[in-house]
Amino acid sequence: MADQNFGQRLKQIRQEHGRTQQQVATDLFVSRQTVSSWETGRNLPDLHTVQRLAKYYNVSVDDLLDGTPRQFHQSGRPMTLLGPSVAVMVIGRLAFAATSRMLILSDILLAILIVMLIGWWWRVIPVQGLRMMAGVTGVFCIGAAWMNLFAMDFGLQLVYLVTAALLILPVAGDAIFALRQHLTTK
């Protein structure tokens, strides 16, 4: 006889996610009877299937096996470096002399960064929108520094490049992580 507690936890998690046994079976390419046998404790899934179940329900394997929640779950919020980006832009805006057009451009860029940061804090900007805004703003910063827009001095060019790196690195990291997840599920 298999572990009854595991089956009960599996059933509870399935119900919390609003799934039927048939939906789980279809998504995991097993029969409904197999899912039922796991939940009633007649059988246990193999280790590979336990890993697939954990990924399917977005829980850790430990959560499935012993029911102890862990603190390392993803919060659903994307990792950003918007705070440091704002700090770098503020310091650059205050520290380096620039033309009036360059100051206006820096103020507009700073306002965009603050809107993005507030949208991230209050969760009003969707994740894809935030990634797109961060990527576009980062590319703009690189272009402005590269073209020496409005005759910015070298210090301000560095500020723009550091800001771009802080904006683009998390977006690139998310893309690499998603690609890795996609390749490992195949």
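**View A. Ser85 sits in helix H6.** A quick note before zooming in: this is a predicted model, where local features need pLDDT of at least 70 and side-chain atom pairs count only at pLDDT 80 or more, while totals for chains, interfaces and linings use all residues. Residues are numbered from 1 along each chain as its sequence is written, and side-chain values use heavy atoms, with hydrogens and water left out. Helices here are DSSP runs of H or I with at least four residues, strands are runs of E with at least two, and both are numbered from the N terminus. Ser85 has a relative accessibility of 0%, so it counts as buried. (Buried is under 20% relative accessible area, exposed is over 50%, and partly exposed is in between, using a 1.4 Å probe and protein chains only.) Skipping residues up to four places away in sequence, Ser85 touches Leu113, Thr163, Leu166 and Leu167; contact means heavy atoms within 4.5 Å.

**View B. Helix H6 (residues 82–95) packs with helix H7 (residues 100–121).** The angle is about 160° and the axes are 9 Å apart. Axes are lines fitted to C-alpha atoms, for helices over the stretch in contact, and angles run from 0 to 180 degrees between N-to-C directions. H6 and H7 are therefore roughly antiparallel; under 35 degrees counts as roughly parallel, over 145 as roughly antiparallel, 65 to 115 as roughly perpendicular, and the rest as oblique. The crossing of H6 past H7 is left-handed, a label used if the near helix is turned anticlockwise from the far one by less than a right angle, with clockwise making it right-handed. On the H6 side, the contact is made by Leu82, Gly83, Ser85, Val86, Met89, Val90 and Arg93. H7 brings Leu103, Ser106, Asp107, Leu109, Leu110, Leu113, Ile114, Met116, Leu117 and Trp120. Sorted by class, that gives 12 nonpolar, 3 polar and 2 charged residues. (Ala, Val, Leu, Ile, Met, Phe, Trp, Tyr, Cys and Pro count as nonpolar, Asp, Glu, Lys and Arg as charged, and the others, Gly among them, as polar.)

**View C. Leu117 is a residue of helix H7.** With a relative accessibility of 11%, Leu117 counts as buried. Beyond its neighbours within four places in sequence, Leu117 is in contact with Leu82, Gly83 and Val86. Leu130 is 13 residues from Leu117 along the chain, and their C-alpha atoms are 9.2 Å apart.

**View D. Helices H2 (residues 21–28) and H3 (residues 32–40) cross at roughly 115°.** Their axes come within 8 Å. H2 and H3 are therefore roughly perpendicular, and H2 passes H3 in a right-handed crossing. Gln21, Gln22, Val24 and Ala25 of H2 meet Arg32, Val35, Ser36 and Glu39 of H3. The class tally for this contact is 3 nonpolar, 3 polar and 2 charged residues.

**View E. A search of the whole structure turns up 1 aromatic pair.** The ring centres of Tyr56 and Tyr57 are 4.9 Å apart and the planes sit at 70°, so the pair is edge-to-face. Rings of Phe, Tyr and Trp (its six-membered ring) pair if their centres lie within 6.5 Å; planes under 30 degrees apart are stacked, over 60 edge-to-face, and the rest tilted. Tyr56 is partly exposed at 22% relative accessibility, whereas Tyr57 is buried at 2%.

**View F. Phe150 and Ala151 show positive phi values.** Most residues other than glycine have a negative phi. Phe150, not a glycine, has a phi of about 55°, and Ala151 has one near 55°. Phe150 lies in the loop between helix H8 (127–146) and helix H9 (154–185), and Ala151 is in the loop between H8 and H9 too. Phe150 counts as partly exposed at 30% relative accessibility, while Ala151 counts as exposed at 64%.

**View G. Ala145 belongs to helix H8.** Its relative accessibility of 4% makes Ala145 buried. Tyr160 is 15 residues from Ala145 along the chain, with 6.1 Å between their C-alpha atoms. Leaving out neighbours within four places in sequence, Ala145 is in contact with Met152, Gln157, Tyr160 and Leu161.

**View H. Zoomed back out, the protein has 9 helices and 0 strands.** Along the sequence the pattern reads α-α-α-α-α-α-α-α-α. Of its 186 residues, 33% count as buried. Take the contacts between residues at least 6 apart in sequence: 63% of them join residues at least 24 apart.
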